[in-house]
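Dear colleague,

I am handing over the structure below, and I would be grateful if you could look through it before reading my notes, which follow directly after it.

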Amino acid sequence: MPRLRSDSPRRLRDSSSGGSSSDMLVVLLMVEAAAALRLYPLARAKPLCRIHTVRTGKVFHTRQHIQGDHLYFSSMTTCLIKHPCKKYIALYLGRKVFFTRDNFGSSLPPFSIPTSLQVGTPEVTSAHFAGSVLLLVVNQKVYIYDYEANSWNASVGIEHPVSHISGDNCCYSGHPSCVDISDSVFAYLRGDQIPQTNIYFSTTWGYRFQKFALERQAELVGSLGGAFYFHSLSQVGLLLIDQGKAMFAYSDHPLNRSFGLPFDYNGTLDILITPGQKGILIFWFEKSLLVSRNAGQLVDPVQVQEGRHILHSSISEANISIHTVAANENELAVLTRENNLYYGNLGILSSSLIKFADQNIWSQEAALMFTNVGMLEILTPVPDSVFPAFDFQKCPVNTQAILMDPQLQVDVCKVELLQGEFENKMYTIDMNSQLELSALMIPRPGTSPVPLVMVSNPHSLGLQAVIYEDGYTYDGNTKHRLNISLRQQHRWGRADPSFTSSIKRPTMSTITLDIANKEISCVDLKPLTALISVGCDLEKKIVIQNEISACYNGVLDPVALQDNYSYVIERDAYDPSFRGQRAAADLVVPYSYEKLGCPHLVYYDAPWKPVVELWREGKFQEVVEAEYVLLEVNGLFTYTYLLTAGTALCSSQPQNWSTILEQAGDKGPFAWDRENYVSCHDPDNHAPLRWPDVPYQILGGPTQNKVVFDQRNGIYIFFLSIVDPYYSYCHLETTFSVYVHGAFPQSIIPQEVTVALVTAATLLSVWLAYAVPKQLGTEKGLRVKGFWVGLCRRCRQSCACLRGRC
């Protein structure tokens, strides 16, 4: 075509030498216009993607004789499930089922289940990746395929037929909260009546299930559309379907008091949970496509866009038939039976699709998957007439390149850069903690994009954001800095208690920074997302201050303590059952210097309590003022407490170690923690104060309680546990030792005898002080006095002789 443009004027000049220059110009313009018109259909004819076929590994797969039943998908559509964390592992569900470890980069035989499992009809109705295993619902039972060990197992605990499984995967880190997300799986029978249905829940990758029921499940009306654990909201949600409408019921406060807003439920909707724990759900079937950005609380139809305008408000209005759907963290793609491909982004405020150019890309076995950001692939298995392994026809689509086509009339992205160090990371916010995040945005000159920060669980996590100009780039563009402060919603003090979740329950939330009015062309401009665990900060620990140790004062020798040191506890001083009863024999206790160090020095006659310090990542944070309890680990009971329940001003009967041990069961003697502690100062605690004189065994908090030791010297090893449920989500515990000194040995003479002798001696002394002076004035008294005077004189003479003076 360029050659036509250059040659046309030359031919005109050769054949029109007698014409005027103006006529030649008109003809030239007409020829150029005709050339341009011929270029337009060629531009439209540019292929959406270039098809190629993967045909490798045939000999390898032929040598492997597959023993088992070939699985097949029950639906008339196809489904391609990718592992969210392991990008090359995927499962194709269609007339045949294929499992790949290399993103379908080689030919594959159909996926089979061993005949030894006796599954009957090998029909797959649902599948899910949980950690490093693949879960499949085959013939209404759940089976586990461990693809790392290449082994199959049947799930345990499911006693009723199920049709679907659901779950999620956390790809951020090895944090326990992240691991728990991947462990959790639901199994249920879709379409069953809610009050009578049997829902099963597993925390072991589906290996073992147990029954699950919402607190008010028997009161719910309708059939079950799905059971899901929405980790972005820290809620379990059940989808209720009744009379063409659907809504979600939730498990915990505050959402358990109401339902999500109802939405139209036409047909049987498949539900896709997008990766990343952002709470985005995709609902779809042949004539409907809906999206929710807040775990089902609000569900809206996906619109169809043409250029800058909304062409159709929903898929049903567009009169298209969906064949399959694919989604990643931020993008959505739809393949229709009309041979059309639609693409859109899962915006923070709204979602819409744009239709790409036509191409013969649909077939009954075609499936969609995102291989990377902005990279979409249409996958179709192709049978081989010679080998049992199937080839795969791939049609990769570069959405960014297609969106640059001016015919689509897509606006240019208004943001050049959006970055933050918190992207794709996981953080923990404990009670009384705060997290500071920062992001940088550089807009395109002359534009005014609006950054928007959102949390998926506002009932638990509160935020405050400040944006300001932070200099210029070398090109003169303004840099905008966004500072984000995150705290527990309770700690901000701006939300009504009816809105916030229970402060005692650890929760999770996702924070997302995106552009509110972002164009569909911003394919590479991903939202910045981080996962926030509102729970235990594993970097925290408590340490007992030990400024005055028994070694420092020379009471104990640190060398001796490290040399297999042991000490003896008298049988009258301890009880191995922690009931305060005397033991049958003395106890020899080995002292662990590596664990306990040198004991803290305590004087027996001075009331004492330890100074508890909070440390995080090796740095001192604060002195703990929260409530905590102590227990001597060997059962020593030769100590008590300064306060009683009455003097501690308890309004209800306080807990003590005896009541905790009775309720501990298999937890052992050290079961008193933040989860079972109830304060006697809590106005909601209605236990009557029946025994105000019992010792008050809680230290710290609003009281000045202390430990009082008996008259006994020796080593005490204490277990200490923070029991205040509002201080930290962690079970902050430690073990430390003290050495009690200064107590004189107890007398072997009974106390009653000692008191009697002292009283008699005192009375005798008083009587002698009265009687002796009175008797000295009598004749008898003078003789006695003369006797003692003479005796003293003779004694002095004898002493003088002994000294050589006589």
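Of the 806 residues in the chain, 47% are buried, where buried means under 20% relative accessible area, exposed over 50% and partly exposed in between, with a 1.4 Å probe and protein chains only. Please keep in mind that this is a predicted model, in which local features need pLDDT of at least 70, side-chain atom pairs count only at pLDDT 80 or more, and totals for chains, interfaces and linings use all residues. Residues are numbered from 1 along each chain as its sequence is written, and side-chain values use heavy atoms, with hydrogens and water left out.

The chain has twelve helices and 51 strands, both taken as DSSP runs numbered from the N terminus (helices H or I, at least four residues; strands E, at least two). Four strands form an open sheet in the order S12-S13-S14-S15 with antiparallel pairing, where two strands pair if DSSP finds at least two bridges between them. Its edge strands, S12 (164-167) and S15 (210-212), each pair on one side only. Within the sheet, strand S13 (residues 185-188) pairs with strand S14 (residues 199-202) in the antiparallel sense over three bridges, and Phe 186 stands opposite Phe 201 in S14.

Another residue to look at is Phe 248, which lies in strand S18 (residues 245-250) and counts as buried because its relative accessibility is 0%. Leaving aside neighbours within four places in sequence, Phe 248 is in contact (heavy atoms within 4.5 Å) with several residues, including Phe 228, Leu 239 and Phe 259. Phe 259 is eleven residues from Phe 248 in sequence, and their C-alpha atoms are 5.7 Å apart in space.

With kind regards
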